[in-house]
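Here are a few friendly notes to read alongside the model. They follow the strands and how they pair.

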Amino acid sequence: DKPPAPPARVPPVGRVAIIIDDFGQSVEMARRFLEIPLAITFSVLPNEPHSREIAQMAHAARREVLLHLPMEPHGYPKINPGTGALLVSMSRDEIRKTLHSALDVSPYFSGVNNHMGSRFTQESSSMTILLAELHERKLFFVDSRTTHKSTGYTLARKLKVPAAQRDIFLDHTQTEEFVRSQLNQLIRRAKIHGSAIAIGHPYECTLKVLSRSADRFHREGIEVVPSGELVDLPGR
């Protein structure tokens, strides 16, 4: 008698990327997120005490690593995006120099997403300079969409930069109940549209909910993939 054939692998009904922003301060929190058995994307701020180390850790654990690039928000300078931010008042050379300095933090950045940037991302002339540099370096751009007026995704497509944009924020209310609710929305959107991108932060509530959700993604037929797998490629 032949042994029964293994069950056929059911293709996923949708794919999601989960980007966790703001890494660079706590090595311990980064280690805890690396223990989650999901292909979480680590987005690292460039000028924090442990930025370089955490990017190295994430890469060694085969996680995708993004540069979480600070950009000018509305309300600047009262609202401060941090050291090394791109500002709309900068010249082309200043934008390029600031970007190069941030990218030099790690060789493992495969793309960039914006930290804050509600003011900068809606300024098409400034974004064009940034995106031209990303095109030159063969990096993709994920628009965090901190404003509905952002030009980032549209300009990236025009300039033939691989790009995507955030669909769901997981944790702008820092409770487990809220994160679970947002995760429900993420899964629902992926089932309807085929894919979706979420952004969260290294909060305790986000860590706990994601740690408990690995089996759920499998049961729901949702594959968690690096964000680079969901970017729109030029010409597509």
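**Notes on the strands**

1. Strand 1 is mostly covered, with eight of its 10 residues buried (buried means under 20% relative accessible area, with a 1.4 Å probe and protein chains only). Strands here are DSSP runs of E with at least two residues, helices are runs of H or I with at least four, and both are numbered from the N terminus.

2. Please keep in mind that this is a predicted model, where local features need pLDDT of at least 70, side-chain atom pairs count only at pLDDT 80 or more, and totals for chains, interfaces and linings use all residues. Residues are numbered from 1 along each chain as its sequence is written, and side-chain values use heavy atoms, leaving out hydrogens and water.

3. Strand 1 (residues 14–23) pairs with strand 8 in the parallel sense over six bridges; pairing requires at least two DSSP bridges between two strands. Within this pair, Ile 19 is opposite Ile 199.

4. Strand 1 also pairs in parallel with strand 9 (residues 222–224) through three bridges, and Arg 15 faces Glu 223 there.

5. Strand 2 (residues 41–44) runs parallel to strand 1, joined by three bridges, with Phe 23 opposite Val 44.

6. Strand 8 (residues 195–200) has five of its six residues buried, so the rest of the structure largely encloses it. Strand 7 (residues 168–169) is joined to strand 8 by two parallel bridges, and Ile 168 has Ala 198 as its bridge partner. Helix 6 (residues 176–193) links strand 7 to strand 8 in a right-handed β-α-β crossover.

Notes
Buried < 20%, exposed > 50% of the residue type's maximum accessible area, 1.4 Å probe, protein only. Right-handed = clockwise from strand over helix to strand, strands pointing away.
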